[in-house]
Amino acid sequence: MRIRTQAVTVLTAAIALASGCQKQSQPTVGVWASVGGQNITSTEVDKYYRTQLNPDAAEPSQDEALSLKLNILDELINNQILLQRAKKMALEASDGEVEDKFTEFKNPYTEDEFQRQLKARGYTVDDLKSDIRQQLSIQKLINREVVSKIAVTDQDVQDFYNQNRAQFNVAEAQYRLAQIVVTPRKDPGLRNRKNDDATTDAEAKRKAAALLHQLNDGADFSQVAMDYSEDPASSASGGDLGYVAESALSQSDPALKKAAMALKPGQVSDVIVLRDSYRILKLVAKEAPGQRDLADPTVQQSIRDNLHNRKEQLLRAAYLASARDDVKITNYLAQQVLESAGKLPVAVSLKPTASLPPAPGK
C-alpha cells in the first residue's frame, strides 16, 4: 500500500490524527503510536520517510518533515488496523502465498541483480517478505469486505454514458503509444528493473539496436520497456504513454510524429534517432475522431472500470473509518506536536536513525 504524501499543515494533520484519542501516559521511548496494543515505532516511520525524500532537493524544513512523518504514521496506523482485522478473520497471507509473490517479484532479475536491488534499498529478504505478507493480507481483506460488494449494473453504465456523452466525442485522431528510451548519458534517477543505463552514444546505439532485435524476435514490448527503458516516467508502466492526440504529436519531434503515424496497431517502429536519445515506439491502438457509441465494447469497459473504481474508493474509505472506530488508537506523535504548538517536541527526532538503511519505495 503506498504511503500518501499530501501536503497538510502540521496542526491540521495532528488534529486529524489525534481525533478520538485521549491523552495517554508517556510512551516508551521511540513508540509513536499504539493500535490495538500493537506499537508503531519511530524506526518504522523513518523507514518510509526516507523513500519520500528527493536526494537532489533541499533538506525539508522542520515543519515539512514533521508533516510528512505525521502522514506516514497515519498510513501505518491504517495498515495496522486492517492487518489486525485480516488476522481476526483468518485472512492473513499464507507462507505459500508469500513465497509465490516473492518469486514473482524476484523473477525479472538475476540473483546478482536482485541482491543489488535489495542492497540499494537497504532491505533484507525478510523485510521484503514481511511487507509482501502485509500487503497480501490487507488485499485479501479488502477483496472480501469491499470489492465483493461492488456491483455495476447495465443501467449504471447507461446513465453514466447519457450524462457524459461529450466525454466520448473524440475531436481528433488519438494514438495510444508506448516507448522505449535509451539515452547516451548516465542518469542517477534511472528506474528500470535491470538497472541498465547506457553512458555513451556508442553504448546507447548498440543497446537500442539490441532491444529492437529482441522485439523483432517476439519479446514482449512492455517487459522490455520495464527492464531496459531509460525513461523514468514510463518504464515502470511498460513504456505506456496513453492516448496522444494528433495535434500533440505535431508538436513533438518530426521524426517521432512520422514514425508514429506510419505504424498500424500492434506494430513496432525501427530505432528512431533523436538529438538526445534513441527511441522505439509501439502503436498500441488508434482511435479515429467522432462520437463513440455505447455499443462500443471499449466505451462500456471504460465506464464500468470508472464506476467500479469510484465505488471501491468510497467503500474503502467508509470501511476504514468504521474499522478505526473499533480499535483503540493512541497517536503519541500527534499529541506531542499539539502540546508543543507545532514545534519539534524534545523527545522527537526528525533525523532518520543512523543505523537504519533506506527502505524501498512503496
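Predicted model: local features only at pLDDT ≥ 70, side-chain atom pairs only at ≥ 80, totals over all residues.
**Exercise 1. Find which residues of helix H3 meet which residues of helix H13, and describe the crossing.**

Step 1. In H3, look at Leu66, Leu70 and Leu73; they meet Leu333, Ala334 and Val337 in H13. Contact here means heavy atoms within 4.5 Å. Helices (H or I, at least four residues) and strands (E, at least two) are DSSP runs, numbered from the N terminus.

Step 2. Sort the residues of this contact: 6 are nonpolar, none is polar and none is charged. Ala, Val, Leu, Ile, Met, Phe, Trp, Tyr, Cys and Pro count as nonpolar, Asp, Glu, Lys and Arg as charged, and the others, Gly among them, as polar.

Step 3. Turn to the axes of H3 (residues 62-88) and H13 (residues 332-339), which come within 10 Å and cross at roughly 150°. Axes are lines fitted to C-alpha atoms, for helices over the stretch in contact, and angles run from 0 to 180 degrees between N-to-C directions. The crossing angle therefore makes H3 roughly antiparallel to H13 (angles over 145 degrees count as roughly antiparallel).

Residues are numbered from 1 along each chain as its sequence is written, and side-chain values use heavy atoms, with hydrogens and water left out.

**Exercise 2. Find the average pLDDT of the chain, and where pLDDT is below 50.**

Step 1. The chain averages a pLDDT of 85, and 86% of the residues score at least 70. pLDDT is the predictor's confidence in each residue, from 0 to 100.

**Exercise 3. Decide whether Ser235, Arg144 and Gly37 are buried, partly exposed or exposed.**

Step 1. Recall the cut-offs: buried means under 20% relative accessible area, exposed over 50%, partly exposed in between (1.4 Å probe, protein chains only).

Step 2. Ser235 sits in the loop between helix H9 (221-228) and strand E5 (240-245). Its relative accessibility is 1%, so Ser235 counts as buried. Ser235 touches Arg191, Ala225, Met226 and Ser229, not counting residues up to four places away in sequence.

Step 3. Arg144 belongs to helix H6 (residues 125-145). With a relative accessible area of 43%, Arg144 is partly exposed.

Step 4. Gly37 lies in the loop between strand E1 (31-35) and strand E2 (38-41). At 67% relative accessibility, Gly37 is exposed.

Methods:
Parallel < 35°, antiparallel > 145°, perpendicular 65-115°, else oblique.
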